[in-house]
Amino acid sequence: METPANTTVNAKWKSYSAGCSDSLIKVMRRMKGWHKLKKYVMADLSQDSSSYASFSLGHWEAEATAEDSESTLEQAPAKMPRVDPLWGEEGPLLIEISLNDNLDWLKRRFSYPLNSGLVIRPLVIGGGSLEGAVIYLESQVDWQYLSRTVVQPLIAANLPGDPPLDVQMLTLRILTNSHATTTTYLGDIEQNVLNGSAVVIVDRLKEAVIVNVEDEEKRALESPKTENVVRGPQVGFTENLQTNLSLIRRRLNTPDLIVESGVVGKISRTRIAIVYLKTIANVELVNEVRTRIAAIQIDYVGDSGMVEQMIEDSPNSIYPGMLNTERPDRTAGQIADGYVGILVDNSPFALIVPANFPLFLQTSEDAYLRWQYSSFIRIIRTIGFFMSLYLPALYVAIANYHHEMIPTTLILAIAGTRESVPLPVAAEAFLLESMFELIREAGVRIPSVIGPTIGIVGALILGQAAVQANIVSPIVVIVTSATALASYTIPNYNMQFTTRILRFVYLGCASFLGLVGVVLLSMMLWANWAASNRFGVPNLAPIAPYRPSEDTLLRAPMKLQSSRPLSVRPRKTRKLPDVQGDAPSLPPEQGETRP
């Protein structure tokens, strides 16, 4: 039997239970919201389920362990893309035993004689009755080298009657002055002819000899156009892939340097290579680079910029996804730190992955200067980056909505200069920024001889005329000029584009919402940037999430830079020995012994 006291207790208990349930529901909802907010505070990227963003080099809430490195070695490695073999009804197309059948196939394949570039040079080997042919593209080969190393030795060859001529005799006894390989596939013959090699086909032989006689016409080594330095090497990449690889090999003279080659583009068949150090680079990162390159299905690839757009994580992001550089020393330095380099034939720019925010404010010259000098320059670049991004928006927001932040004498001076200006402050800023962008673009596109002159004269004349005509005020001209100078301190061209575009976005928010709009937009953009990743590494690493580093926005002395960047999870993290004294040990003098 239920008493009034029990009824009261039951009612209180139900009320308490309901309160606890409501509190628990609120806590769960808050925890759900925390999971959404957590990625902006600590980027645990392994929980992302999108295509490329699902790749992560590890949980950033914990340090890398040896077990993590060993687990990556167990994964099946991807392969670099190759040219698809030509298939017939019974399998890959093989070389026929008849010379005429092989030549007929090549003529049909290259639309000969409609295609005037293909050359079929028939010849008789050794002056006997054995017929053969040399096939090549006339614009792709060095004819003098071809004649000296291939044609003349074949004609002047002294063939024994027994045993009969075979491919081994061709390569080891006749074509001894050239780099020769053999193949039995017609698809290999086609691709090597397109690459600039000459193919030797002999009657009654089911193998062909491929001789590398590619014409070596290429641009001479020159100074980089976009990454000039005062101290450091004065040589940049060219459009030749082999030349670029040799420039890297000179700087990383070790057998651990791995160069994996492939082909991208169904029509262009552009050669591509990834470069890394097998003892340092993260295996999972290298495998991810291979996988993304192998997934490229576009027909034509003309530059590394197209490869960058095809393999980046977020195509719609305004922030650059990879670091591009035309300096071999910069590329070699990043590879030595555990990064992966991507080089594309016909492109003087290499790609470095993964790329995080501090890399875009660094140059190769920083490592060649004393740490005080390079740290000072990096501080200047960081200030220039934020000035380029925020200065016009801050001026518009303060001048329109926050007059109390300006000293009285300064606000009176600004008001005096704007007394006869008919346009609002926001319109002035938009007008001058747009004019400067036009001048900048015109200076790039017009001939280089008069380009700098047009830029300087155009800016001076237009700015002075606009002030005298009372269209804009002098203070806006000063703000725009300071912003332009600040943007040129950013060493990376793609990051300059990011600040140039976002500058107008911040201007629009400042025009309507003042500093509140600038702050809200900054929170959204920076939070989005911090929460996303590039090749499994957070964009703002090692700043957010924070990891100790001796080489980020500031640089430590060279003797103290003992570790590689932890953000790329290198297999070997130490650059210097674990134990290092204050001074290097000296050899003992004559007659002395070590204690």
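**Annotated spans**

I started with residues 379-398, where the chain is 100% helix and 0% strand, with the end C-alpha atoms 25 Å apart. Helices here are DSSP runs of H or I of at least four residues, strands are E runs of at least two, and both are numbered from the N terminus. Before going on, I noted that this is a predicted model, where local features need pLDDT of at least 70, side-chain atom pairs count only at pLDDT 80 or more, and totals for chains, interfaces and linings use all residues. Residues are numbered from 1 along each chain as its sequence is written, and side-chain values use heavy atoms, with hydrogens and water left out.

I picked that span from the UniProt record, an unreviewed entry, which puts "transmembrane region" at residues 379-398, 444-465, 471-490 and 502-529. UniProt positions are in the numbering used here, feature names are shortened, and annotations may be inferred rather than shown by experiment. I also looked up residues 471-490: that span is 70% helix and 0% strand, and its end C-alpha atoms lie 30 Å apart.

**α16 and its partners**

Next I checked α11 (residues 371-401) against α16, and the two pack at an angle of about 30° with their axes 8 Å apart. Axes are lines fitted to C-alpha atoms, for helices over the stretch in contact, and angles run from 0 to 180 degrees between N-to-C directions. α11 is therefore roughly parallel to α16; the classes are under 35 degrees for roughly parallel, over 145 for roughly antiparallel, 65 to 115 for roughly perpendicular, and oblique for the rest. I get a right-handed crossing for α11 and α16. A crossing is left-handed if the near helix is turned anticlockwise from the far one by less than a right angle, and right-handed if clockwise.

Sorting the α11 contact with α16 by class, I find 20 nonpolar, five polar and one charged residues. Nonpolar covers Ala, Val, Leu, Ile, Met, Phe, Trp, Tyr, Cys and Pro; charged covers Asp, Glu, Lys and Arg; the others, Gly among them, are polar.

Then I turned to α13 (residues 425-445), which packs with α16 (residues 493-531) at about 165°, axes 10 Å apart. So α13 and α16 are roughly antiparallel, and their crossing is left-handed. On the α13 side I listed A426, A429, F430, E433, S434, E437 and R440, which meet Q496, R500, R503, F504, L507, G508 and S511 in α16. Contact means heavy atoms within 4.5 Å. By class, the α13 contact with α16 comes to five nonpolar, four polar and five charged residues.

**α3 and α6**

How do α3 and α6 pack, and at what angle? I read about 55° between α3 (residues 99-109) and α6 (residues 186-194), with axes 12 Å apart, so α3 is oblique to α6. The crossing is right-handed. N102, W105, L106 and R109 in α3 meet L186, I189 and E190 in α6. That contact of α3 with α6 divides into four nonpolar, one polar and two charged residues.

**Salt bridges**

I get 20 salt bridges in the structure, each a side-chain nitrogen of Lys or Arg within 4 Å of a carboxyl oxygen of Asp or Glu. One I looked up is R219 with E239, at 2.9 Å, N to O. Both R219 and E239 lie in the loop between β7 (208-212) and α7 (241-251), so the pair ties together parts 20 residues apart in sequence.

I found a cis peptide bond from A541 to P542, omega near 0°, and P542 lies in the segment after β14 (537-538). The A544 to P545 bond is cis too, with omega near 0°, and P545 lies in the segment after β14. Last, I noted R204, a residue other than glycine with a positive phi, near 70°. R204 is in the loop between β6 (197-202) and β7.
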